[in-house]
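Welcome! Have the sequence and the 3D view open side by side, and follow along as we visit a few spots in this protein.

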Amino acid sequence: MRDISVQKITDALVHLVRSACLSLAPGVVERLRQAEQNEENQTARFALKTLIDNAELAASNAVPVCQDTGMAVVFAEIGQDVRFVGGSFTDAVNEGVRRGYKEFFLRNSVLDPITRKNTGDNTPAIIHTSIVLGDKVKLTLLPKGFGSENMSKLYMLTPAAGVAGVMDKVVEAVFSAGSNPCPPIIVGVGIGGTADYAMLLAKKALLRDVGVSSADPQLAEMEQILLTRINDLGIGAQGFGGKTTALEVRIEKHPTHIAALPVGVAIQCNAHRVARTEVL
């Protein structure tokens with residue numbers, strides 16, 4: 001059994017907020033640069049160059065890569081041999097988010113859904129926990145902007161829809177989103193489970209490292225087919241047309257009920273921000 005002070009959780013979240021909100025996830029700029037080099041549409045190419053310049057300026061000047069610094073979505077893999085001491089894990093996460101957004105002067109975007117009163121410190125965070133083997137805690141922060149989050153889709157298909165029906169709905173989701181999620185985008189897809197779990201799988205798919213395909217050969221093939229179909233839509237960078245509407249498609253799956261085929265689609269904007277750390 002390992003005792004971990006919740007103060008370490010708070011400190012880790014402060015670090016993650018800074019790391020995630022002020023720079024794109026590793027590999028994203030390289031993908032944008034590849035898209036720029038391959039683009040023939042001059043307006044789209046200019047848009048891609050602007051996105052690259054923006055990301056590089058944000059990183060070098062320690063300023064937010066996007067004015068929408070998102071809602072803090074925290075994924076915590078907690079070792080079953082960990083015991084938290086000194087307070088509440090949830091409170092510690094929220095304190096880290098609160099301090100991080102305050103210390104780095106990031107926009108407060110969280111409010112009561114009914115009264116629309118802002119909480120003033122970007123809390124509470126959305127926290128997803130899972131219990132795993134070991135005596136460590138792995139924390140991942142996904143600051144989720146809502147230009148893209150608002151484009152999320154859940155489809156409860158009949159089993160007869162099959163793989164073709166799943167892929168048609170993913171393409172439909174991207175087409176209906178158009179330029180709203182600030183393309184080029186990353187598309188997370190969750191297949192299976194229940195309605196809520198399909199959406200969680202889609203969100204988890206966004207956490208995958210750039211350039212890493214699914215380990216499942218069938219899903220990896222679907223990812224490539226979908227990427228081609230989505231880019232053939234011609235929405236392009238910032239909606240200006242061209243070759244690159246999406247940088248990647250990522251699919252995760254889970255067994256589901258015999259009567260169901262849930263499909264969740266989580267779209268991420270070009271400002272793809274993910275940061276990870278391990279707490280011992």
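Leaving aside neighbours within four places in sequence, Leu-24 is in contact with Val-29, Leu-32, Ala-55, Val-65, Asn-270, Ala-271, His-272 and Arg-273. Please keep in mind that this is a predicted model. With that said, here is the rest of the tour.

- The largest nonpolar core has 28 residues, and Leu-24, Val-28, Leu-32 and Val-65 touch the most other members.
- Helix 2 (28–38), helix 3 (42–61), strand 2 (71–79) and helix 7 (195–205) each supply at least two residues of this core.
- Helix 3 gives the largest share of the core, with 7 residues.
- As background, nonpolar side chains tend to be buried together in soluble globular proteins.

**Helix 1 against helix 4**

- Helix 1 (residues 6–21) packs against helix 4 (residues 89–103) at an angle of about 40 degrees, and their axes are 7 Å apart.
- Because of that angle, helix 1 counts as oblique to helix 4.
- The way helix 1 passes helix 4 is a right-handed crossing.
- On the helix 1 side, the residues making the contact include Val-6, Ile-9, Leu-13 and Val-17, while those on the helix 4 side include Phe-89, Val-93, Val-97 and Tyr-101.
- Sorted by type, the residues of this contact between helix 1 and helix 4 are 11 nonpolar, 4 polar and 4 charged.

**Helix 6 against helix 8**

- Helix 6 (residues 162–177) and helix 8 (residues 217–231) pack at an angle of about 40 degrees, with axes 10 Å apart.
- That angle makes helix 6 oblique to helix 8.
- Helix 6 and helix 8 have a right-handed crossing.
- Among the residues that meet here are Val-163, Met-167 and Val-170 in helix 6, and Met-222, Ile-225 and Leu-226 in helix 8.
- The contact of helix 6 with helix 8 divides into 10 nonpolar, 1 polar and 2 charged residues.

- Thr-140 sits in strand 5 (residues 137–144).
- Thr-140 has a relative accessible area of 12%, so Thr-140 is buried.
- Leaving aside neighbours within four places in sequence, the contacts of Thr-140 are Val-73, Val-74, Phe-75, Leu-207, Val-274, Ala-275 and Arg-276.
- Gly-87 lies in the loop between strand 3 (82–85) and helix 4.
- With a relative accessible area of 47%, Gly-87 is partly exposed.
- Gly-87 and Ala-198 are 111 residues apart along the chain, and 32 Å separates their C-alpha atoms.

Definitions and conventions
Residues numbered from 1 in each chain as written. Predicted model: local features only at pLDDT ≥ 70, side-chain atom pairs only at ≥ 80, totals over all residues. Heavy atoms only, no water. Helix = DSSP H or I, 4+ residues; strand = E, 2+ residues; numbered from the N terminus. Buried < 20%, exposed > 50% of the residue type's maximum accessible area, 1.4 Å probe, protein only. Contact = heavy atoms within 4.5 Å. Core = buried A, V, L, I, M, F, W, Y, C linked by side-chain atoms within 4.5 Å. Axes fitted to C-alpha atoms, helices over the stretch in contact; angles between N-to-C directions. Parallel < 35°, antiparallel > 145°, perpendicular 65-115°, else oblique. Left-handed = near helix turned anticlockwise from the far one by under 90°. Nonpolar A, V, L, I, M, F, W, Y, C, P; charged D, E, K, R; others polar.
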